[in-house]
Amino acid sequence: MTSSSGASRRQVLAVAAAAATAPLLAGTPAGAKPKQPKTWDLTILGTSDTHGNVYNWDYYRDAEFDDSKHNDVGVAKLATLVNQIRAERTGRATLVLDAGDTIQGTPLATYYAKQEPITSTGETHPMARAMNILKYDAVTLGNHEFNYGLPLLATWIEQLGFPALAANALNAKTGKPAFLPYVIKEVKLGGHGAPKLRVGILGLTNPGVAIWDKGNVEGRLVFADMVATAAKWVPEMRRRGADLVVISAHGGDSGTSSYGPELPNENPTALIAEQVPGIDAILFGHAHNEVPEKFVTNRTTGERVLTSEPSKWGQRLTRMDFTLTREKGRWTVTAKSATTLNTNTVVEDPAVLAAVRGQHAKTVEYVNRVVARSSVELSAAESRYKDTPILDFINHVQTEVVTEALAGGEYAGLPVLSIAAPFSRTAVFPQGDVRIRDVAGLYVYDNTLEAVVLTGAEVKAYLEYSAKYFKTFPVGTTVDVENINDTNVPDYNYDVFSGVDYDIDIARPVGQRITRLVLAGTDTPVAADARFVVAVNNYRRSGGGNFPGIVKTQVYNAQQEIRQLLIDWAQARGVIDPADFFVPNWKLVRDGVPVF
């Protein structure tokens with residue numbers, strides 16, 4: 001019999017038999033690879049710790065920003081990178097997040113919080129103007145967002161065209177979130193007919209706010225543990241349909257804190273990734289480090305959590321890339337990676353510059369106002385390891401203000417000491433005209449002045465703690481001033497006192513370095529039970545840096561900003577002359593011999 005195709009029955013049966021033994025992939029030649037599932041991609045861009053930088057400008061130098069590594073700063077630079085990546089990815093999903101510390105850190109930010117506060121004028125904050133042009137998808141509140149009080153923070157949030165998140169900032173009375181905990185963004189992964197992905201974004205702020213801005217939040221807000229808060233909300237976000245979960249966290253990844261154990265961990269990002277299942281990636285900030293890509297394995301699931309930190313001030317932009325597949329309605333992340341992009345490779349975005357130009361110009365005009373004339377140049381370059389007039393200027397003003405405020409009262413008979421830290425290594429009062437920007441460059445934080453009473457024993461313990469700033473240099477070894485300090489202790493956590501005379505022996509072990517502590521201008525040792533009024537900034541008095549003995553009830557707290565007190569003092573006198581305030585009272589020694 002012959003088939004209609006002309007083949008015999010025997011040939012047909014032979015073909016059928018061969019087919020029965022062929023691979024069970026119909027239509028696929030033997031040895032060919034199976035068809036790969038379709039993939040989609042998502043890019044998340046991240047910024048953090050922009051700290052009031054919009055223009056690539058150094059307000060303290062009145063010049064374009066530059067540093068030894070030729071970094072650039074500012075949201076305008078970030079915007080150019082963001083726009084480039086969005087353009088490259090036209091038709092595909094791109095999200096932009098920020099991990100906090102936005103409205104404090106430059107004279108521009110300070111001006112619209114203190115000189116012309118947005119709460120009084122109704123003007124849009126420069127950081128809202130700039131960030132709205134970038135069209136962020138969400139911002140997390142950093143600890144510095146609370147510096148100027150809750151009303152200003154609320155006004156700034158209202159001005160944003162996107163949500164501000166802080167799941168662990170809770171109403172002190174109700175225990176419920178005081179801000180939006182998270183958002184779930186539905187994004188389209190491609191063109192017409194492409195599937196949608198639901199991205200959950202959880203914001204976590206820093207528990208240290210309870211210390212650093214106690215005056216603004218006490219009785220109003222409490223700050224829950226970041227790890228526990230993530231463990232609460234991540235499953236909730238998954239239940240509500242989040243296919244991908246990203247955390248924007250204002251906390252570093254060291255696992256350590258600058259304060260004591262009474263508050264939750266300050267830098268728990270790696271702990272969150274390890275301990276909380278269901279997280280795909282974490283954008284983090286606070287530590288001002290550049291961490292392009294770091295994977296942390298979750299202990300429960302074994303999944304690798306992608307983390308990245310984009311340095312500070314707008315110097316870097318984090319880029320996270322995700323590859324995803326979809327099967328039976330469920331999304332799977334098949335690959336993820338991150339890197340950081342340097343903003344010094346691009347020009348500033350003209351739309352951002354235009355939006356903030358008037359406010360920038362007003363700030364530049366303000367900081368260039370002359371407040372006094374200096375008889376000589378005063379530099380902070382050596383203030384970390386030598387007693388310098390410019391740091392004594394701070395202590396003198398603080399001492400004078402507190403002494404006058406307490407005159408005639410209960411504490412008028414006690415000696416007044418003062419504490420200051422070398423915030424800047426580059427601050428200079430030039431000989432001749434001293435401008436607001438020179439004073440602001442010396443005192444870069446918006447701290448207020450307070451005072452407490454310490455005993456002689458507490459003063460000594462405080463000085464011992466401060467002296468851990470220095471590395472140990474045995475007698476006979478070379479003291480390298482460029483590497484004189486323990487890199488784990490930032491300059492702002494090294495304090496010097498005025499009002500007592502003391503030596504720090506850097507050849508001795510930490511805790512045994514204050515080898516001489518006497519009453520000012522005498523050889524009389526400070527008695528353990530002696531009592532002193534100590535002028536101190538609110539950050540330190542609230543526990544910042546975890547210094548011993550200083551967290552106690554204030555005997556003075558007029559909510560006066562220290563930077564403004566310095567400006568007022570200089571303006572009132574018209575002349576800054578070290579002869580009026582420089583009293584050398586401390587030095588570094590080794591076995592009693594001065595190091596310098």
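How many bridges join strand β1 to strand β15? The close-ups below come from a predicted model, and the opening view takes up that question.

**View A. Strand β1 pairs with strand β15.** Here you're looking at β1, residues 39-47, next to β15, residues 316-327. Eight bridges join the two strands, and they run antiparallel. To get your bearings, find Trp40: its bridge partner in β15 is Leu324. In a regular strand, side chains alternate between the two faces of the sheet.

**View B. Strands β15 and β16 make a hairpin.** Stay with β15 and move on to β16, which covers residues 330-342. This pair is antiparallel too, joined by 12 bridges. A handy spot to look at is Asp321, which sits opposite Ser337 in β16.

**View C. Helices α2 and α5 run roughly parallel to each other.** Helix α2 spans residues 75-88 and α5 spans residues 126-134. Their axes come within 10 Å and cross at roughly 10°, and angles under 35 degrees count as roughly parallel, so that's what we call this pair. From α2, Val75, Ala79, Val82 and Arg86 meet Met127, Ala130 and Leu134 of α5. Sorted by class, that contact has six nonpolar residues, one charged and no polar ones.

**View D. Arg238 sits in helix α9.** This helix takes in residues 226-239. Leaving aside neighbours within four places in sequence, Arg238 is in contact with Asp243, Leu244, Val245, Gly278 and Asp280. As for Leu519, 281 residues apart from Arg238 along the chain, the C-alpha atoms of the two are separated by 63 Å.

Definitions and conventions. Residues are numbered from 1 along each chain as its sequence is written. This is a predicted model: local features need pLDDT of at least 70, side-chain atom pairs count only at pLDDT 80 or more; totals for chains, interfaces and linings use all residues. Side-chain values use heavy atoms; hydrogens and water are left out. Axes are lines fitted to C-alpha atoms, for helices over the stretch in contact, and angles run from 0 to 180 degrees between N-to-C directions. Helices (H or I, at least four residues) and strands (E, at least two) are DSSP runs, numbered from the N terminus. Angles under 35 degrees count as roughly parallel, over 145 as roughly antiparallel, 65 to 115 as roughly perpendicular and the rest as oblique. Contact means heavy atoms within 4.5 Å. Ala, Val, Leu, Ile, Met, Phe, Trp, Tyr, Cys and Pro count as nonpolar, Asp, Glu, Lys and Arg as charged, and the others, Gly among them, as polar. Two strands pair if DSSP finds at least two bridges between them.
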